[in-house]
Amino acid sequence: MTNFAEPPTVTAVCTGPTHNTSNYMPATPEVPATHKMVVRSLRRRCPVCAASSISRHMAAVKQICPGCELDLERQVGSFIGGIGLNTMVSFVALFSTIIGGFVITKGEASITRILIPALIVAFGVPLFFYARSRLLWVAIELRFWPLEPNEVTHAVQ
Ligand SMILES: [Zn+2]
């Protein structure tokens, strides 16, 4: 004969945490709104804290933000993502310049109206957009991979 005992009834009542949880886990910093991060990146400022010291000039950007200590290479491939974005924008600008030159000159293969502007765009746009594209890529990454606790020291909303 099998003895089927009644399952024990649970009478414990949860009364909340029994230890101090105020410093238990660091708070996750908020990511600024997308439009703010995009505008900050295009102004060569940190997308998180808006520090302008992250980029000395248009072709230089620091890996660690001096303002909030955000690492610009926070994901594997962050550098390549920024360079890829820069390449795409540069090719679109170059292609538009060449096509626009042919349209303006009505098909004439002009050196002064097509080749020289195309060379200026080919060298100028990648330099002008380098730091912006790196920072813009970080802003894109922040949309998909939000900040981790202790990833930045502070953020300006
Ligand atoms: Zn910063």
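Predicted model: local features only at pLDDT ≥ 70, side-chain atom pairs only at ≥ 80, totals over all residues.
Let's go through what backs up the labels.

Q: How do you know that the span of helix 2 agrees with its number of residues?
A: Helix 2 has 27 residues, and at 1.5 Å a residue these should span 39 Å. The C-alpha atoms at its ends are 39 Å apart, so the two values agree.

Q: Why is Ser 90 called buried?
A: The cut-off for buried is 20 or more other C-beta atoms within 10 Å. Ser 90 has 21, so Ser 90 counts as buried. Ser 90 belongs to helix 2, where Gly 82 and Asn 86 are buried too.

Q: What covers the buried residues of helix 2, and what does Ser 90 contact?
A: The cover includes helix 3. Leaving aside neighbours within four places in sequence, Ser 90 is in contact with Val 125, Pro 126 and Phe 129. The C-alpha atoms of Ser 90 and Phe 128 are 9.8 Å apart, while 38 residues separate the two along the chain.

Q: What makes the phi of Lys 106 worth a look?
A: Phi is near 55° there, which is a positive value in a residue other than glycine. Arg 44 is another case: its phi is about 60°, again positive, although Arg 44 is not a glycine.

Q: Why does Arg 44 count as partly exposed?
A: Arg 44 has 19 C-beta neighbours inside 10 Å. Buried would need 20 or more, and exposed would need 12 or fewer. With 19, Arg 44 falls in between, so it counts as partly exposed.

Q: Where does Arg 44 lie, and which residues does it contact?
A: Arg 44 sits in the loop between helix 1 and helix 2. Beyond its neighbours within four places in sequence, its contacts are Ser 55, Met 58, Ala 131, Arg 132 and Leu 135. Val 61 is 17 residues from Arg 44 in sequence and 8.5 Å from it in space, C-alpha to C-alpha.

Q: How do you know that helix 3 has a kink, and where is it centred?
A: Helix 3 covers residues 111–144, and its kink of about 50° is centred on Tyr 130. Tyr 130 is also among the buried residues of helix 3, in a list that includes Phe 129, Ala 131, Leu 135 and Trp 137. The buried residues of this helix pack against helix 1 (34–42) and helix 2 (78–104).

Q: Which residues have the most contacts inside the largest nonpolar core?
A: They are Cys 46, Val 48, Cys 49, Cys 65, Cys 68, Leu 70 and Leu 135, in a core of 20 residues. Helix 3 gives the most to this core, with eight residues.

Q: How many of the residues count as buried, and what share of contacts joins residues at least 24 apart?
A: Of 157 residues, 22% count as buried. Among contacts between residues at least 6 apart in sequence, 65% join residues at least 24 apart.

Technical notes. Residues numbered from 1 in each chain as written. Bend = angle between axes of the 7 residues up to and from the residue. Helix = DSSP H or I, 4+ residues; strand = E, 2+ residues; numbered from the N terminus. Contact = placed C-beta atoms within 7 Å. Expected span 1.5 Å × (residues − 1). Core = buried A, V, L, I, M, F, W, Y, C linked by C-beta atoms within 7 Å.
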